[in-house]
Each structure stands twice: as structure tokens, then as C-alpha cells.
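Please keep the sequence and the structure in view while you read.

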Amino acid sequence: MVKRKAEYESFEKEQALGFLYQRILTKSIKNSTVDIVLLELEPDATRPMVTTEAFEYKYILAGNIKYIFDDQEIELSAGDSLLFDGRLSHTPRNIGKDKAIMLIIYFFEETRA
């Protein structure tokens with residue numbers, strides 16, 4: 001699921017003046033552990049394709065990133081976001097000339113023995 005900055009829903013809350021709330025993502029994922037990370041990618045950063053045992057939410061804070069999956073490539077700019085199942089093979093690539101920064105939220109599903 002890709003959401004572009006222009007698609008975020010604005011809403012008011014608590015009758016506050018000068019506050020602009022924008023809902024980026026609402027997603028129910030029960031029985032999960034949340035891990036929140038900032039990732040900085042230099043223009044020449046590389047790594048192989050990886051998988052993660054989590055749903056991954058990416059919010060691009062700065063720069064331009066191409067997210068590469070086995071069957072598609074998605075270009076994202078500052079303000080765009082992406083949610084996907086990390087069990088799909090993936091890797092990001094900084095396609096800009098400056099450092100790119102992402103906020104990442106991992107949702108690890110709890111397993112019961």
C-alpha cells in the first residue's frame with residue numbers, strides 16, 4: 001500500500017487553532033510488537049535483497065528512494081509512505097544526490113507457543 005503526501009486526510013481535534021493533523025496511516029494489526037527506527041541512506045548505499053519477519057511501514061522524511069521488490073519498483077519522495085509485508089524480498093536504494101532519511105515502523109506479529 002503506497003500513500004502519497006497529497007492523499008493524507010486532514011482533520012481537526014480538540015478545537016485547537018493552528019494545529020494541522022494529517023492521518024498518515026491507520027491499520028489494525030493485532031498481537032504485534034512495534035519497533036520504530038530512523039534509517040539514513042547515503043547516495044551510494046547498497047545491500048542485497050532481504051526479508052523481515054514483520055510488516056514494515058516506511059515514511060520518507062527527506063530525499064528520494066526507490067523501493068525494489070522482486071516484481072516491482074516504487075519511487076518515493078519526502079512525505080510519501082509505504083506499507084508492506086517484510087516477508088517479501090526487498091531493498092531500498094537512494095536515487096538522489098543527498099542523504100535520504102526514512103522513519104521505519106516494524107510490526108512484528110506475536111507468536112504463541
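How many helices and how many strands are there in the protein? The model, which is a predicted one, contains 0 helices and 10 strands, and reading along the sequence therefore gives the pattern β-β-β-β-β-β-β-β-β-β. The points below are grouped by topic, from the whole protein down to single residues.

**The protein as a whole**

- The protein has 113 residues, and buried residues make up 32% of them.
- Its accessible surface comes to about 7700 Å², and carbon and sulfur atoms account for 49% of that area.
- If we consider the contacts between residues at least 6 apart in sequence, 72% of these contacts join residues that are at least 24 apart.

**The open sheet**

- An open sheet is formed by 5 strands, which follow one another in the order β1-β8-β5-β10-β4 with antiparallel pairing.
- The edges of this sheet are taken by β1 and β4, and because each of them has a single partner strand, one side of each is left without a neighbour in the sheet.
- Strand β4 is joined to β10 by 10 bridges, with the two strands running antiparallel, and within β10 the residue Phe108 stands opposite Thr33.
- Strand β5, which covers residues 55-62, also pairs with β10 in the antiparallel sense, here over 7 bridges.

**Salt bridges**

- A search of the whole structure finds 7 salt bridges, and as a general principle, side chains of opposite charge can pair when their charged atoms come close.
- One of the salt bridges joins the side chains of Asp80 and Arg4, with a distance of 2.8 Å from N to O. Asp80 lies in the loop between β7 (73-77) and β8 (81-85) and Arg4 in the loop between β1 (2-3) and β2 (9-11), so this pair ties together parts that are 76 residues apart in sequence.
- Another salt bridge brings together the side chains of Lys99 and Glu40, at 3.1 Å from N to O. It links distant parts of the chain, for Lys99 belongs to the loop between β9 (90-94) and β10 (100-109) and Glu40 to strand β4 (residues 32-41), 59 residues apart.
- In this pair Lys99 is partly exposed at 37% relative accessibility, and Glu40 is partly exposed at 48%.
- Are the partners Lys58 and Glu56 buried or exposed? Their closest N and O atoms are 2.7 Å apart in a salt bridge, and Lys58 is buried at 2% relative accessibility, while Glu56 is buried at 1%.
- Salt bridges that share partners also join Glu53, Asp85, Arg87 and Glu109 into one network.

**Single residues to look up**

- Ala6 is found in the loop between β1 and β2, where it counts as exposed at 79% relative accessibility. The C-alpha atoms of Ala6 and Asp80 are separated by 8.5 Å, although these residues are 74 residues apart along the chain.
- Phe84 is placed in strand β8 and is buried, with a relative accessible area of 7%. Leaving aside residues up to four places away in sequence, Phe84 touches Ala54, Phe55, Glu56, Lys58, Tyr67, Phe69 and His90.
- From Phe84 to Val2 the distance in space is 8.7 Å, C-alpha to C-alpha, while the two are 82 residues apart in sequence.
- Lys66 lies in strand β6, which spans residues 64-69, and a polar contact of 3.4 Å joins the side chains of Lys66 and Glu73. Beyond four places in sequence, the residues that Lys66 touches include Ile74, Thr91, Pro92 and Ile95.

Technical notes. Residues numbered from 1 in each chain as written. Predicted model: local features only at pLDDT ≥ 70, side-chain atom pairs only at ≥ 80, totals over all residues. Heavy atoms only, no water. Helix = DSSP H or I, 4+ residues; strand = E, 2+ residues; numbered from the N terminus. Polar contact = N/O pair within 3.5 Å; in protein donor to acceptor, adjacent residues only side chain to side chain. Contact = heavy atoms within 4.5 Å. Salt bridge = Lys/Arg side-chain N within 4 Å of Asp/Glu carboxyl O. Buried < 20%, exposed > 50% of the residue type's maximum accessible area, 1.4 Å probe, protein only. Pairing = 2+ DSSP bridges. Areas by Shrake-Rupley, 256 points an atom, 1.4 Å probe, with all protein chains shown as cover.
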